[in-house]
Amino acid sequence: MAISMKHVAPAPRLDPMTPARALVAMSRPSQVALVWVIYAAGVMLGLARPEARADVWAMALAALLITAAAVAAHLVNEAEDAATDRLTERTAFSGGSGALEASGVDPAVPLREGLLLAGTVAAITWIAWLAQALPGVAAPLVLVGLVGALFYSLPPLAAMRHGWGEALNAALGGMLLPLAGVAVVAGRIELADILAFTPLALVVLVSVMATAWPDREADAATGKATLQV
């Protein structure tokens, strides 16, 4: 009598990477690099203004804070989306970094480090605002972006689980981020700036929709009500 056995996938091999290396991977360096590009686009638009001030220190400080905010949001997302990422088949653009599962690091680690980094960013941005180290509305835009990026993943809002995560992602990455670049050199935002980056926000929305499509079954299985689900 032949006995058929269901194929059992081997357990994922734990990568010998240290927790520090895993955290670096979970910060998603390629996405951080894209953040720099979009921020730079905003700075360049702002520099076209007659009132623009090319303050290198302000531009560098804002870039550092925005980078740290992006890393914090990515770490928190890796922790909060761990259950979904375990179920989905990763692609080059979706399914998280894969470092959390591959390394065996506890999800509490990136969550803790992400929140600690976010608190540091908030404190430094607040101090920079009070000290007028960042001109005009630049500091408030960084703070709003930080809060929005965190609550994309974190409860009670957890936008990625309630059908408006895609729109929030597009608003943050395609609109608020470049507007922060404009504000760093021009000090304020005009309607023309919003109109200038509206196409980018729409492109980001389409991109987010496309990259989240392969995750739709895993999202549904873990209770996420994304637009794709």
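1. The lining of the second largest pocket comprises four nonpolar, four polar and five charged residues. Here Ala, Val, Leu, Ile, Met, Phe, Trp, Tyr, Cys and Pro count as nonpolar, Asp, Glu, Lys and Arg as charged, and the others, Gly among them, as polar. A pocket is an open set of points on a 1 Å grid over the protein atoms alone, where a 1.4 Å probe fits, with protein on both sides within 12 Å along at least five of seven lines; lining residues have an atom within 4 Å of a point.

2. The model is predicted: local features need pLDDT of at least 70, side-chain atom pairs count only at pLDDT 80 or more, and totals for chains, interfaces and linings use all residues. Residues are numbered from 1 along each chain as its sequence is written, and side-chain values use heavy atoms, with hydrogens and water left out.

3. Of the 13 residues lining this second largest pocket, Asp-85, Arg-86, Gly-98, Leu-100 and Glu-101 lie nearest its centre. Helix H4 (82-87) and helix H5 (99-103) each give two or more residues to the lining; helices are DSSP runs (H or I, at least four residues), numbered from the N terminus.

4. The loop between helix H7 (138-151) and helix H8 (165-186) holds Pro-156, and the peptide bond from Pro-155 to Pro-156 is cis, with omega near 10°. Ala-158 is in the loop between H7 and H8 and has a positive phi of about 40° although it is not a glycine.

5. Gln-132, in the loop between helix H6 (108-130) and H7, has a positive phi near 55°.
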